[in-house]
Amino acid sequence: MDEVNQLSTLVLSPRYTPDSQALWRAAIQRGWHVQRLTHWTEPPPVPINAPVVLYLEGGFAHTIAESLGLKLPEPPDNWLPQLPMQYRQRQIQLTTMEAAQALLPAFVKPPNDKRFPAKVYMPNDELPTGAVDLPVLVAEVVVWEKEFRCFVLDRQLRTASLYARYAAPQDEADFACTAEEYAELEHFLQRLFADELVELPRAVVIDVGVIAGRGWAVVKLNAAWGAGIYGCDPAQVLEVVRYATEPL
């Protein structure tokens, strides 16, 4: 085991979740230190060994990171709308909360947080109240036949998991998919990663799937430091998360 791995410290939130427990076990197996926070908004009470790797919920993650002299990059708000059409297969635009109301029906979500529910809003629905200039993504309504979570490092797929079929969570099915489905997933990602027009962070999570009647497409881009792992290999997830924390 290399010296860097021995000295690394994985910092987890106070909440005990199956994902954080899986990464805790993977980190221990690698010889890492693991420290779980005792408060939601306060840094660890004792010094921790560097380099530090954070896996935290988004609401307070940036505050903790800054207190440790670190930063947690987010995907650019306009990444998905600027993705070539062949990879997104639907109309998507970045606009404001105020402007989005006139574009309904549409799938509306915040670019990088969960300050309001991401879902299909109908013309008679009112979008959540808040700042009228809040950035939102507005997407054409489509039907996703299946969706996969993919942990990616240096434009290489490290681990992936089916997480939904026709919007139904697949945890009770143990996130199972066929060998043919996985091969199709890999083929789509290979095309995406080989395209120099597609910019990607070094460590990132990409959700992709199949749109009914259209084919494979990118669902969204996620920060790796707080993404759920579903049925992904925790050891490979940890390798991606390791590079999602950066110095200030």
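Visitor: In this structure, are Tyr87 and Phe188 buried or exposed?

Guide: The model is a predicted one. In this model, both Tyr87 and Phe188 are buried, and the term applies to residues under 20% relative accessible area.

Visitor: How many aromatic pairs does the whole structure hold, and what makes Tyr87 and Phe188 such a pair?

Guide: A search of the whole structure gives 7 aromatic pairs. The ring centres of Tyr87 and Phe188 are 6.3 Å apart, and rings pair if their centres lie within 6.5 Å. Their planes stand at 65 degrees, and angles over 60 count as edge-to-face. The pair is therefore edge-to-face.

Visitor: How do you know which kind of pair Phe175 and Tyr230 form?

Guide: Their centres are 6.0 Å apart and their planes are at 70 degrees. With a cut-off of over 60, Phe175 and Tyr230 form an edge-to-face pair.

Visitor: What are the relative accessibility of Phe175 and the relative accessible area of Tyr230, and how is each residue classed?

Guide: Phe175 has 19% relative accessibility and counts as buried, because the limit is under 20%. Tyr230 has a relative accessible area of 34% and is partly exposed, because this class lies between the buried limit and the exposed limit of over 50%.

Visitor: What places Arg202 over the ring of Tyr243?

Guide: The charged end of Arg202 is 4.2 Å from the centre of the Tyr243 ring and sits over that ring. The distance limit is within 6 Å. Arg149 likewise lies over the face of Tyr163, at 5.8 Å from the ring centre.

Visitor: How do you know whether the span of H7 agrees with its number of residues?

Guide: At 1.5 Å a residue, the 16 residues of H7 should span 22 Å, and the end C-alpha atoms are 22 Å apart, so the two values agree.

Visitor: Which residues of H7 are buried, and why are they said to line one face?

Guide: The buried residues are Glu181, Leu185, Phe188, Leu189, Leu192 and Phe193. Seen down the axis of H7, they fall within an arc of 130 degrees, so they line one face of the helix. The face turned away from this buried side carries exposed residues, including His187 and Gln190.

Definitions and conventions
Residues are numbered from 1 along each chain as its sequence is written. This is a predicted model: local features need pLDDT of at least 70, side-chain atom pairs count only at pLDDT 80 or more; totals for chains, interfaces and linings use all residues. Side-chain values use heavy atoms; hydrogens and water are left out. Rings of Phe, Tyr and Trp (its six-membered ring) pair if their centres lie within 6.5 Å; planes under 30 degrees apart count as stacked, over 60 as edge-to-face and the rest as tilted. Buried means under 20% relative accessible area, exposed over 50%, partly exposed in between (1.4 Å probe, protein chains only). A charge sits over a ring if NZ of Lys or CZ of Arg is within 6 Å of the ring centre and within 35 degrees of the ring normal. Helices (H or I, at least four residues) and strands (E, at least two) are DSSP runs, numbered from the N terminus. The expected span of a helix is 1.5 Å times one less than its number of residues. The arc is that of the directions from the helix axis to the C-beta atoms.
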